[in-house]
Amino acid sequence: MPGFELFGDAEKKEVQDVLDSGVLMRYGFDQMRQGHWKAKELEKEIQFQFKVQYAQLLSSGTAAVSLALASAGIGAGDEVIMPCFTFVASFEAIIMLGAIPVIVDIDDTLTLDIDAVQAAITTKTKAIMPVHMCGSMANLEALKSICAINNLILIEDACQAIGGKYKGKALGTIGDMGCFSFDFVKTVTCGEGGVMITNNYDYYTNADHFSDHGHDHNGKDRGAELHPFLGYNFRISELNAAVGLAQFRRLDNFIEIQKKHYMIIRNELAKLSGVTFRTVPEGGEESYSFLSFFLDDLEIARKVSTAFKNNGIDVCFHYYDNNWHYIRKWEHLINQKSLLPLSKELKDGLSYLKRKSFDKSDSFISRNISCLIKLSWTENEVVQRAKTMATLIRSNTH
Ligand SMILES: *Cc1c(COP(=O)(O)O)cnc(C)c1O
């Protein structure tokens with residue numbers, strides 16, 4: 001996955017352009033910047049590549065998720081349904097707005113369980129946010145129809161699945177809004193950065209203003225611009241955008257490499273009786289950023305995970321025992337350990353987490369191992385790795 005593995009001359013050239021002009025900010029300074037608009041250019045590339053009308057580049061993927069929600073007017077006391085298997089950023093982005101993350105089970109897709117989503121809808125629900133974890137998607141068709149029936153907004157957290165597709169469309173363009181992260185370990189990196197994409201002009205305009213202190217970006221004089229509503233600063237810098245621009249142009253190539261490496265390992269593991277793979281919803285194509293599989297039970301998964309670590313098979317995650325990606329270890333959220341006072345609405349809204357169990361998700365995550373697919377491996381390294389993985393699984397299975 002990490003695009004940083006393949007930094008090269010293209011990234012250096014884009015950054016050098018920015019340093020030569022001296023304009024590190026994405027807005028204004030029209031004369032001084034000598035025609036360099038890296039953030040704007042990257043937004044255009046994203047729109048073109050993903051066939052989407054609007055892209056708003058931001059300072060992080062977390063900011064992208066927050067801004068997507070805020071742009072649709074979601075805030076204090078509103079409920080957003082999200083999965084219990086995701087990076088902590090997904091709930092942080094919701095909580096930051098005073099909204100309530102309603103966390104529900106996942107199924108064998110490793111993303112939102114459709115029945116659990118249905119059961120979680122209340123009069124306060126405003127949005128459903130599937131997270132396309134480890135390169136594959138939720139059943140978006142089902143979620144779309146639930147949203148249509150209940151008048152809810154669909155926001156895709158596609159931070160780990162850039163380049164994946166669903167029924168011929170780019171992930172991130174199927175819901176009302178889609179979010180990607182360009183942090184240092186993502187398939188495309190800006191160092192730090194993110195983007196919110198949409199075909200809705202109002203959401204886009206709201207995100208554009210909100211991410212820059214409310215600036216309406218009308219005219220040529222920043223000081224004279226109006227502030228139709230309150231905003232914050234979630235801008236990306238030109239330096240970060242420059243890196244991302246070079247990286248994003250290589251996306252097709254990155255996905256091709258990921259797919260090649262993924263298939264070599266998958267084909268090897270498919271020969272083993274104790275291994276099954278995650279379900280990909282009909283019409284979906286993974287981004288191949290991870291290969292995710294299930295073993296027979298928790299004990300075997302723990303043994304295999306340890307064997308991998310002890311035998312040089314790095315970047316494989318047993319998320320059941322991981323502090324950052326699964327509800328089981330989110331005790332700071334469950335116990336509301338906040339540096340600053342939380343609103344009463346949010347405290348009450350989160351209290352269900354002290355009682356709720358996630359048995360269905362446990363039954364999948366406990367047996368799951370997800371292996372990151374690196375770009376910089378040689379083919380020979382991948383073949384060797386696949387064989388070692390198969391041997392280690394075989395010797396740790398009943
Ligand atoms: C990386 C990630 C984010 C957050 O992105 P940052 O750019 O690191 O803020 C959000 N959701 C998921 C699923 C992620 O993997």
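**Entry 1: the largest pocket**

I looked up the largest pocket in this predicted model, and I noted about 520 Å³ of space in it. A pocket here is an open set of points on a 1 Å grid over the protein atoms alone, where a 1.4 Å probe fits and protein lies on both sides within 12 Å along at least five of seven lines. Grid points are joined across faces, edges and corners, and the volume is the space filled by probe spheres set on the points. I then wrote down that 24 residues line the largest pocket, with R26, Y27, K40, D208 and H217 nearest its centre; a lining residue has an atom within 4 Å of a point. By class, I found six nonpolar, seven polar and 11 charged residues in this lining, where Asp, Glu, Lys and Arg count as charged, Ala, Val, Leu, Ile, Met, Phe, Trp, Tyr, Cys and Pro as nonpolar, and the others, Gly among them, as polar. The helix α7 gives the most to the lining, with five residues; helices are DSSP runs of H or I with at least four residues, and strands are runs of E with at least two, numbered from the N terminus.

**Entry 2: the ligand**

Next I asked which residues lie closest to the ligand, and I found G61, T62, S181, D183 and K186 among the 15 that surround it, each residue counting as near if one of its heavy atoms lies within 4 Å. I also looked for polar contacts, which are pairs of N or O atoms within 3.5 Å. A polar side-chain atom of T62 is 2.5 Å from a ligand oxygen, one of Q160 is 2.9 Å from a ligand oxygen, and one of D157 is 2.9 Å from a ligand nitrogen. Taken alone the ligand exposes 380 Å², of which the protein buries 93%, by the Shrake-Rupley method with a 1.4 Å probe.

**Entry 3: salt bridges**

I searched the whole structure and noted 23 salt bridges, each a side-chain nitrogen of Lys or Arg within 4 Å of a carboxyl oxygen of Asp or Glu. In one of them R249 meets E14 at 3.1 Å, N to O. R249 lies in the loop between α8 and α9 and E14 in helix α1, so the pair ties together parts that are 235 residues apart in sequence.

**Entry 4: ground rules**

I kept in mind that residues are numbered from 1 along each chain as its sequence is written, and that side-chain values use heavy atoms, with hydrogens and water left out. Local features need pLDDT of at least 70 and side-chain atom pairs count only at pLDDT 80 or more, while totals for chains, interfaces and linings use all residues.

Conventions. Polar contact = N/O pair within 3.5 Å; in protein donor to acceptor, adjacent residues only side chain to side chain.
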